Amino acid sequence: MAEEARSIDPATLEMIDKAREDGSSNVFERSSNMKPCPIGLEGSCCRICSMGPCRVPLPKNKEETAEERAKRKGVCGATAETIAARNFARMIAAGSAAHSDHARKVTETFLLAAKGEAKGFTIKDEQKLLQVALNFGVKIAERSNEEIATEIGELVMKEFGRQEGELTPVKSAPLKRQELWQKTKVTPRGIDREVVEMMHRTHMGVDQEYKSIMSQAMRTALADGWGGSMLATDLQDIMFGTPAPVLSQINLGVLKKEDVNIIIHGHEPQLAEMLAVVVQDPGIIEYARSKGARGINLAGMCCTANEILMRHGVPIAGNFLQQELAIVTGALEAIVVDVQCIMQGLADVAQCYHTRVITTDPRAKMTGAEHIEFDEHRAWESAEQIIRTAIDNFPNRGKNIRIPDQKTDLVAGFSHETINYLLGGLFRASYRPLNENIINGRIRGVAGVVGCNNARTVHDNAHITLVKELIKNDVLVLQTGCSAMACAKAGLMLPEAAREFAGEGLASVCEAVGIPPVLHLGSCVDNARILIAATAMVKDGGLGDDISDLPVAGAAPEWMSEKALSIGQYFVGSGVFTVFGTTWPTTGSKELTEFLFKDYESIYGGMWAFEADPYKMAELMLGHIDKKRKDLGLDKARDRVLYDMAMRRELDAV
Ligand code: NFS
Ligand code: SF4
């Protein structure tokens, strides 16, 4: 790929150039030098036992004869179907494990906070506490928040090791969906149990029927979406506050030349929350000044960034592919990381500059980085030590500093609770107005566009192109993760974007409610918020009685991580048509791919699709949304929409 085709973000392109001038490596350069293995890419390589690795690639450019097909097997006799399904299922298990281990860590901190053993962490959102207590059947009565929280924490902890029955949050799904999961035997029992069983069943010589493997993969993914991820979001909201709309800025231009710049990167919000508080401490600011800085500038990267953006308005320096480029500015004193999506390349890049790479989690260390462990028991002290380390590094800055100008305003903080409130008002919070506008056709449907960046495709391009196409066609877009960041950089997360980019119907609704046409719902574990929003739409009526009836669709146009596959799988299992871009990991088995793309619809009401071109991806999603509208008898309603003043007034009155 030519250099200029690597990203559509000018800040990113400027820093790729600077990295080249400075002789520093980066992900874009490395991806040019590393060709993906075509056999692994299609899921046709099995290396789960030492009789292999066995490669069973689909023959290229010719039809396979039955005889050739029969020979395409691993040493143990495993077929291409089994091999591709095992690979796919294991990726889902890893993704589910990542989200859920994040949830476990949050639960541990939550319990410490409830018991008053984590100074600085408290119960911030009482209303959410009571809501979750209700979900878990925890008695409220005269009990203190701390008592209630302790019981919730203990019950949540048990969800990980639960051996039988059903995960508690599964009961938040529409009834029809729960029945379908019971009937198809994919209701998750315990979070850890499903991941372990998936690993067992994909061990050499266990489950060797691809549909059966994929059935457990579904259960493992549902244990993420309606388990780990949902629980992480709930407990984080209780501890740190449920997000409400907040104005901030995004892109590398949020770094400040005169300040000590610290980026917090990764996924879990605990340390980031504490850093956001400690950087405001007058004593620590004074310390920064004593080293010649004007102040301290904290910014985020990847999903940790989304967490503190949503709750504190902390600016975002960039998404996944920009992490090394933040160092290349020469103005970054420290990049502080916890878990997930952290490139080991950071340590290499940092060698060319003064930046200190600081790992903080005992589960995630990095050769070439320094480790300052974050201890929840003494959260303030840990955060202060990290910030002082960054401040001490300020005088070591070189002369070679260039911070791109680009930064864009955005409004974030759209939790399910906020959407409910914005639409319905405090006293009759509901999704009714959204449903009504879908029914009357001003809004054609709702799309969740989520997921990563991927160096194998043009950075940010597919996200922005797809989302622009969707809102132009009156589809309200809900976003999380690095995808949200891409669209925020393009200015799509401002109320003004409705007039500029959205279709007439969607724009009129956004303007009446005062929201952007693209709503930022948070980090990737916050995809659970999309499940809850979809459920609320079902419960408010008029759009069928299951998520699979709704005119909605999902996409991850630039996915790269195993977590994204787990997310996609639980969306599909929840009844959502879900399209992934970039590459598709099961193309080595036509049968398995057909099963996921076609047969899944009759089983789960939702199915996978693959499409790398964002325009075609939009067409697929719109086609699905229109099909659902037709099934609901709403295709006529759309034609009748006229935008006169009477309708505007009626809309305002909703
Ligand atoms: Ni989601 Fe968020 Fe980004 Fe992808 Fe990584 S940061 S958890 S995995 S790359 S969206
Ligand atoms: Fe080969 Fe079978 Fe071993 Fe896989 S499990 S590496 S297909 S022998």
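Into which domains is the protein chain divided? There are domain 1 (3–69), domain 2 (80–240), domain 3 (246–396) and domain 4 (416–653), with bounds that come from an automatic or database domain assignment. Before going further, some ground rules: this is a predicted model, where local features need pLDDT of at least 70, side-chain atom pairs count only at pLDDT 80 or more, and totals for chains, interfaces and linings use all residues. Residues are numbered from 1 along each chain as its sequence is written, chains are lettered from A and ligands numbered from 1 in the order in which they are written, and side-chain values use heavy atoms, with hydrogens and water left out.

Let's start with domain 2 and domain 4. Their centres, taken over C-alpha atoms, are 24 Å apart. Domain 2 puts 39 residues into the contact and domain 4 puts in 41 residues, where contact means heavy atoms within 4.5 Å. Together the two domains bury about 3300 Å², with 66% of it on carbon and sulfur atoms; buried area here is the accessible area (1.4 Å probe) that two parts lose on being put together, summed over both. On the domain 2 side, the residues losing the most area to domain 4 are Phe 88, Arg 177 and Met 218, together 19% of what that side buries.

The polar side of this interface is worth a look too. Between domain 2 and domain 4 there are 4 salt bridges, each being a side-chain nitrogen of Lys or Arg within 4 Å of a carboxyl oxygen of Asp or Glu. The count of residue pairs in polar contact, both at pLDDT 80 or more, is 15. A polar contact is a pair of N or O atoms within 3.5 Å; within protein, one must be able to donate a hydrogen and the other to accept it, and residues adjacent in sequence count only if both atoms are side-chain atoms.

Which helices each supply at least two residues of the side of domain 2 that touches domain 4? Helix H5 (80–114), helix H8 (175–183) and helix H10 (210–240) do, and H10 gives the largest share, 16 residues. Helices (H or I, at least four residues) and strands (E, at least two) are DSSP runs, numbered from the N terminus.

Now for salt bridges across the whole structure, which holds 49 of them. Asp 237 and Arg 529 pair up through their side chains at 2.8 Å, N to O. Both also belong to a network of salt bridges that links Lys 128, Asp 234, Asp 237, Glu 307, Arg 311, Glu 417, Asp 526 and Arg 529.

Another pair to find is Asp 259 with Arg 294, at 3.0 Å, N to O. Asp 259 is buried at 4% relative accessible area, whereas Arg 294 is partly exposed at 46%. Buried means under 20% relative accessible area, exposed over 50%, and partly exposed in between (1.4 Å probe, protein chains only).

Arg 363 and Asp 361 also form a salt bridge, at 2.9 Å, N to O. Here Arg 363 is partly exposed at 37%, while Asp 361 is buried at 4%.

Finally, go to Asp 9, in the segment before helix H1 (10–22). Asp 9 is buried, with a relative accessible area of 5%. Leaving aside neighbours within four places in sequence, Asp 9 is in contact with Asn 251, Gln 322, His 459, Asp 460 and Lys 489.
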